[in-house]
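Open your viewer and get ready to select a few things, one after another. Each stop tells you what to pick and what to look for there.

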Amino acid sequence: MFRFPQRHPKHERQPGGETLLSDLQEGEEGRVVRVQGGHRLENRMAVLGFTPGAQLSVIQNPGFGPLIVSLRGTRIALGRQESKKVVITRGTA
Amino acid sequence: MMLRKDMVENQAEMEVKAPTALIGLAGQPNVGKSTLFNLLTGLNQHVGNWPGKTIEHREGFCKIGEREARLVDLPGTYSLTANSPEELVAREFVIREQPDVLIAMVSAASLEQSLYLVSELICLPAPLVIALNMVDVAKQEGILVEPDVLQAAIGVPVVPVIAARAVGVRELVAVVDQVLRGEVLVTPNLPDIRADHRDVQREVFRLIRDFVPEPYPADWSAMKLLEGDEEMTGLIRPLLPPENRARLDRLLGQHEDAMLAIASGRYEWIGRMIRAAVVNPGLGRISLTDRIDKIATHPQLGVLVLAGILGLVFWLTFSLGAPIQKWMETRLIAWMVETTAQVLAPAPSWVSGLFTDGVLGGVGTVLTFVPIMVIFFTCFGLLEDIGYMTRAAYVMDNFMHMMGLHGTSFLPLFLGFGCNVPAVMGTRVIESRSARLLTILIAPLVPCMARMGVVAFIAPAFFGAQATLVSWGLILLSLILLVLVGIVLSKLVFRGEQSAFIMEMPLYHIPNGRTIFMLVWHRTISFVQKAGTVILAFSVVVWALSTLPHGEMQTSFMAQLGHLLAPVGRWMGLDWRLSVALLSSFLAKENAIATLGVLFSNAEGSGLADAMAAVYPPASGLAFLTVTMLFIPCAATLSVIRTETGSRAWPLVSVIIMLALSTLSGVVVFHLATALGMGA
């Protein structure tokens with residue numbers, strides 16, 4: 001389903017309907033595509049459950065500072081920089 | 001056929017030597033591992049460090065059936081990669097020490113994540129028993145886990161427990177006993193790498209199989225190599241024949257993303273394991289944690305909540321702790337000093353002086369801070385145990401960013417208001433080494449109770465009604481400098497490095513008295529031990545310096561040192577007596593007052609403050625207070641910095657920073673104050 005992109009300054013358009021975790025609003029859901037920014041971060045986040053295909057939802061995203069997501073039944077706080085590196089597709093399917 | 005006598009003798013021999021066992025306790029942070037460890041070992045535990053590391057090592061003894069089992073608490077880690085010393089320590093233990101049983105703790109309230117560590121542990125040779133904790137917390141969220149189904153799926157015994165209420169522990173011990181006696185066959189169902197990488201894994205395994213050194217398992221090593229594990233790669237590559245090594249390098253180079261396939265494979269396995277075992281009708285329900293967090297993690301309200309809670313902690317500490325401290329000072333210590341003086345009356349006066357002024361004066365004064373610390377630690381421990389502290393870190397994260405730090409640094413720094421020693425020790429929770437170092441370096445700028453005590457004592461004499469204003473001003477100055485130094489250090493020294501901020505936020509849960517008690521106990525004991533050793537040694541040295549060679553302070557070595565430093569001191573408006581007092585505060589901040597008391601001999605209590613006010617202009621008083629506030633960390637803090645950083649260089653750096661800050665501030669304040677008319 002087509003959605004108008006959210007109005008966020010410095011918003012990076014990702015190919016194919018993908019967006020960044022930092023752009024998700026509270027209550028929205030998404031599916032992890034990949035984590036950018038180097039192996040270290042990618043692996044660390046994979047251990048915590050941010051693997052390709054993982055389902056998550058945003059519990060809190062004030063637009064600045066860290067945000068809180070629910071992933072695999074656990075709440076995880078993520079820094080803004082880190083959330084900008086998680087590429088997701090919106091929705092649940 | 002043995003003679004009966006022999007049989008009886010052998011039997012007796014066997015009974016004398018009860019069998020022992022080595023048991024490891026593993027689990028992710030926040031699953032309640034320490035609660036279980038405390039339950040199993042009681043006070044029979046020993047806390048130290050893993051050899052050569054600054055990672056806490058806890059072990060104890062517990063009875064499993066007829067055995068005396070040695071239970072080792074492994075550091076809480078999310079996985080077993082080579083990326084942190086904690087993980088390395090944990091996996092080295094399992095591989096090298098080969099425990100007879102490994103108890104893996106998972107939380108029913110966050111089952112998928114906490115099973116990740118199990119998915120790693122299960123590939124190691126030690127027999128596994130899973131302790132499924134927090135079934136009550138999970139039930140509150142509407143999550144029901146069926147341990148039997150989980151057990152059947154994983155192929156490993158699963159025992160439900162509620163560690164916080166000591167439920168299920170007996171059953172757990174019984175199961176571990178069965179495994180030890182070989183009555184239970186553990187047949188684990190192992191996770192596999194994601195399908196698209198199976199061939200690669202087989203190939204790697206084939207290449208290294210014959211060259212993997214004992215005691216590392218070959219298949220586990222193959223997986224680690226694919227993960228890009230630096231330690232295993234460094235270990236195995238050199239042992240391979242050149243052809244294998246070249247093939248391996250090529251293979252690994254082509255599949256740099258294999259770690260994702262491995263992690264995915266593990267989560268796929270986890271998914272299968274829990275699909276049958278977890279019944280979760282609670283989806284979409286707003287839990288209690290959510291409701292509290294609506295406020296606790298709210299960008300604005302959350303800060304207010306934090307301020308309120310911390311204010312409460314402060315208030316409790318002061319209103320309960322200060323009177324107890326006063327009592328200890330005036331009654332207990334004074335009584336001890338009197339008694340010691342009486343007992344040592346027949347001995348030469350210097351012996352009596354050594355004990356009353358040196359030992360009791362130094363150590364005793366510091367010990368009077370124990371009640372304050374106990375209250376502080378208890379409040380903190382309580383907040384930690386219910387799960388609030390992660391919310392505090394979340395809320396402070398934005399602010400800490402200015403100094404290149406994360407919210408996780410805020411908590412140890414706040415501990416510094418009580419005493420810098422637990423603040424420095426508390427930095428252990430910070431994952432990144434550079435962030436930990438930076439936090440340790442700025443921690444001494446948090447004004448501790450001892451420093452505030454000195455200020456509270458002297459300020460009124462100089463500033464009368466404005467004393468409170470002056471005190472707050474000094475505290476503010478210290479904190480502003482803390483932020484400035486933090487910013488400078490992070491830009492210059494740590495070059496704006498920032499580690500990733502990823503933090504699990506556990507569900508709120510009922511605090512456990514035993515866990516909190518153990519936390520407070522260990523923190524207090526380590527402080528007391530420090531007081532007992534470092535401070536005792538320094539107490540004697542300072543006492544010696546201030547009495548030798550003639551038995552009075554005016555002509556002592558310490559005084560000579562003070563005279564030596566007088567020219568520098570004069571820039572700040574301090575004469576040799578104030579310089580000497582400053583030097584003695586190195587030992588413990590409150591010593592400044594004791595030393596001044598001696599130097600202005602005959603002036604005691606409030607008489608001292610007035611005596612000083614009569615001699616020094618307010619500008620000097622202000623400068624002295626400023627310098628005291630920012631002076632080098634006390635001996636105990638420096639000693640803890642040394643142990644926490646594992647080097648002698650960092651305490652030195654800390655001394656240099658504080659020395660520079662304090663002298664500069666002293667000079668500036670003195671001249672500014674004089675210019676404003678507070679001078680002589």
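Here is a walk through the two chains, stop by stop.

**Before you start**

This is a predicted model, in which local features need pLDDT of at least 70 and side-chain atom pairs count only at pLDDT 80 or more, while totals for chains, interfaces and linings use all residues. Residues are numbered from 1 along each chain as its sequence is written, chains are lettered from A and ligands numbered from 1 in the order in which they are written, and side-chain values use heavy atoms, with hydrogens and water left out.

**Stop 1: chain A**

You will find two helices and six strands; helices (H or I, at least four residues) and strands (E, at least two) are DSSP runs, numbered from the N terminus.

The accessible surface of chain A is about 4600 Å², and carbon and sulfur atoms account for 52% of that (Shrake-Rupley method, 1.4 Å probe; for residues, only the protein chains shown count as cover). Of the 93 residues in this chain, 51% are buried; buried means under 20% relative accessible area, exposed over 50%, and partly exposed in between (1.4 Å probe, protein chains only). A contact means heavy atoms within 4.5 Å. Among contacts in chain A between residues at least 6 apart in sequence, 58% link residues at least 24 apart.

**Stop 2: where the chains meet**

Show both chains together. Here 36 residues of chain B are in contact with 31 residues of chain A. The size of an interface is often given as the accessible area lost when the parts come together. Between chain B and chain A, about 3000 Å² is buried, with 56% of it from carbon and sulfur atoms (accessible area, 1.4 Å probe, that two parts lose on being put together, summed over both). On the chain B side, pick out B:Gln113, B:Tyr394 and B:Ile502: these lose the most area to chain A, together 22% of what that side buries.

Which kinds of polar link cross this interface? There are two salt bridges (a side-chain nitrogen of Lys or Arg within 4 Å of a carboxyl oxygen of Asp or Glu). There are also 14 residue pairs in polar contact, both at pLDDT 80 or more. A polar contact is a pair of N or O atoms within 3.5 Å; within protein, one must be able to donate a hydrogen and the other to accept it, and residues adjacent in sequence count only if both atoms are side-chain atoms.

Several elements of chain B supply at least two residues each to the side touching chain A, including helix 4 (111-121), helix 13 (288-296) and strand 10 (502-505). Helix 12 of chain B gives the most, with five residues.

**Stop 3: A:Arg72**

Select A:Arg72, in the loop between strand 4 (67-71) and strand 5 (74-78) of chain A. A:Arg72 forms a salt bridge with B:Glu112, whose closest N and O atoms are 3.1 Å apart. Is A:Arg72 buried or exposed? A:Arg72 is buried, with a relative accessible area of 18%. Its phi is near 50 degrees, a positive value in a residue other than glycine.

**Stop 4: helix 17 of chain B**

Select residues 389-400 of chain B. Because 10 of the 12 residues of helix 17 are buried, this helix is largely enclosed by the rest of the structure. Among the buried ones are B:Arg391, B:Tyr394 and B:Val395.

**Stop 5: B:Thr297**

Move to B:Thr297, in the loop between helix 13 and helix 14 (301-343) of chain B. B:Thr297 is buried, at 1% relative accessibility. Not counting residues up to four places away in sequence, B:Thr297 touches residues of both chains, including A:Gln60, A:Ile68, B:Arg391 and B:Tyr394. A polar atom of the B:Thr297 side chain lies 2.6 Å from the backbone oxygen of B:Asp293.

**Stop 6: B:Ser114**

Next, select B:Ser114 in helix 4 of chain B. B:Ser114 is buried too, with a relative accessible area of 1%. The side chain of B:Ser114 reaches the backbone nitrogen of B:Ser107 at 3.1 Å.

**Last stop: a cis peptide bond**

Finish at B:Pro215, in the loop between helix 8 (198-208) and helix 9 (218-227) of chain B. The peptide bond from B:Glu214 to B:Pro215 is cis, with omega near -10 degrees.
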